[in-house]
Amino acid sequence: KSGEQKHPKEPSSLQCMHLAVVACGDRLEETLIMLKSAVLFSSRRLCFHIFAEDSLKPEFEKKLKEWPSSYTKKFESNIYPITFSVGNAQEWKKLFKPCAAQRLFLPVILKDVDSLLYVDTDVLFLRPIDDIWHLLREFNSTQLAAMAPEHEIPKIGWYSRFARHPYYGTTGVNSGVMLMNLTRIRSTQFKNSLIPGGLTWEEMLYPLYQKYKNYITWGDQDLLNIIFYFNPECLYVFPCQWNYRPDHCMYGSNCRGAEEEGVSILHGNRGVYHDDKQPTFKALYEVIRDFPFEDNLFQSLYYPLQSKFLDTVHTLCGRIPQVFLKQIEKTMKKVYENRVIVYLGANHRY
């Protein structure tokens with residue numbers, strides 16, 4: 001890797017967009033499809049930080065090596081074991097879903113990484129990561145993380161109806177897509193409900209969990225909501241098209257940003273890629289999964305997607321195909337144009 005670097009003084013981590021994911025249990029395929037969507041559409045180099053159970057590590061290494069070199073040269077990957085730096089590892093492991101609490105420790109573990117995008121395994125990028133990465137520049141001087149609201153409508157939102165602990169804003173935030181300035185997180189003293197003074201991120205995690213563990217339902221996401229309830233000035237809230245879930249269409253369409261711009265990041269929570277409850281989400285997942293890397297994007301990805309969507313128009317989410325297709329169509333045009341320009345430029349030189 002060091003041989004590839006043209007500027008030895010500038011570490012590759014500064015040239016990268018950093019993407020972290022935590023994979024345990026049966027999440028290998030889902031994680032690989034998410035990483036595939038990231039590589040397909042992004043233009044800048046990516047650094048993957050994959051936190052996985054020991055049994056999954058060789059599988060990740062093997063599968064990523066099988067990708068064609070035109071794609072493997074666009075990223076570097078690091079695979080880490082699951083570790084919790086404070087408190088009881090077994091307790092953290094059992095919190096909500098296996099290993100999900102690992103994301104709370106990313107600022108502590110990835111000490112050399114300045115900024116990071118964390119996503120759940122069930123996320124698909126429908127446009128370049130470069131576009132969400134640019135939101136880091138929109139942070140004001142106190143903001144250190146960005147998430148989307150958990151819901152758009154308080155009267156049908158989970159937190160606003162059922163939460164027994166403090167949460168951010170009127171509907172809480174969803175932690176499935178989380179953009180973080182880790183340098184700021186590491187150097188901030190956070191207000192909290194434990195002591196009158198501030199605590200660092202690492203000092204706060206376990207005592208906060210101990211205090212609220214009998215009241216939390218969604219594990220680490222609830223802890224993040226509690227943290228940002230006490231520190232609202234630290235959070236940048238991005239719109240729902242950056243974390244689009246079945247909740248945004250199964251009760252009627254309630255994400256205006258997606259209606260206007262199309263879905264930027266699809267989050268298939270509730271297991272919808274693997275059952276038939278939301279065929280629109282499953283269609284996108286399967287088309288990206290089955291796309292043969294070197295093929296024409298329109299021929300082997302967009303057209304199959306359009307035809308799969310025709311079968312879903314009878315469903316609530318399927319009634320709004322433009323919401324799902326608008327951004328990915330735009331992205332593919334851009335990728336296609338870039339390739340044509342690169343190809344023509346290469347031929348022009350000879």
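Biologist: What area is buried between domain 1 and domain 2?

Modeller: This is a predicted model, in which local features need pLDDT of at least 70 and side-chain atom pairs count only at pLDDT 80 or more, while totals for chains, interfaces and linings use all residues. Residues are numbered from 1 along each chain as its sequence is written, and side-chain values use heavy atoms, with hydrogens and water left out. Buried area is the accessible area (1.4 Å probe) that two parts lose on being put together, summed over both. Carbon and sulfur atoms give 63% of the area between domain 1 and domain 2, and the whole is about 3100 Å².

Biologist: Which three residues supply more than any other three of the area that domain 1 buries against domain 2?

Modeller: The domain assignment, automatic or from a database, gives domain 1 as 17-238 and domain 2 as 241-345. Their contact (heavy atoms within 4.5 Å) takes 33 residues from domain 1 and 35 residues from domain 2. Of the area that domain 1 buries there, 23% comes from Leu124, Leu126 and Arg127.

Biologist: How are helix H10 and helix H11 oriented to each other?

Modeller: Helices here are DSSP runs (H or I, at least four residues), numbered from the N terminus, and their axes are lines fitted to C-alpha atoms over the stretch in contact, with angles from 0 to 180 degrees between N-to-C directions. The axes of H10 (residues 201-212) and H11 (residues 220-230) come within 10 Å and cross at roughly 110 degrees. Angles under 35 degrees count as roughly parallel, over 145 as roughly antiparallel, 65 to 115 as roughly perpendicular and the rest as oblique. H10 and H11 are therefore roughly perpendicular.

Biologist: How many nonpolar residues does the contact of H10 with H11 have?

Modeller: H10 brings residues including Trp201 and Tyr212, and H11 brings residues including Leu223 and Phe230. Ala, Val, Leu, Ile, Met, Phe, Trp, Tyr, Cys and Pro count as nonpolar, Asp, Glu, Lys and Arg as charged, and the others, Gly among them, as polar. This contact of H10 with H11 has no polar and no charged residues, and the nonpolar ones number 11.

Biologist: How are H13 and H14 oriented to each other?

Modeller: The axes of H13 (residues 279-290) and H14 (residues 297-310) come within 10 Å and cross at roughly 155 degrees. H13 and H14 are therefore roughly antiparallel.

Biologist: How many charged residues are in the contact of H2 with H13?

Modeller: H2 (residues 28-41) packs on H13 at about 75 degrees, with the axes 9 Å apart. Glu29, Glu30 and Lys36 of H2 are among the residues in contact, as are Arg289 and Asp290 of H13. Alongside 4 nonpolar residues and 1 polar, the charged residues number 5.

Key:
Helix = DSSP H or I, 4+ residues; strand = E, 2+ residues; numbered from the N terminus.
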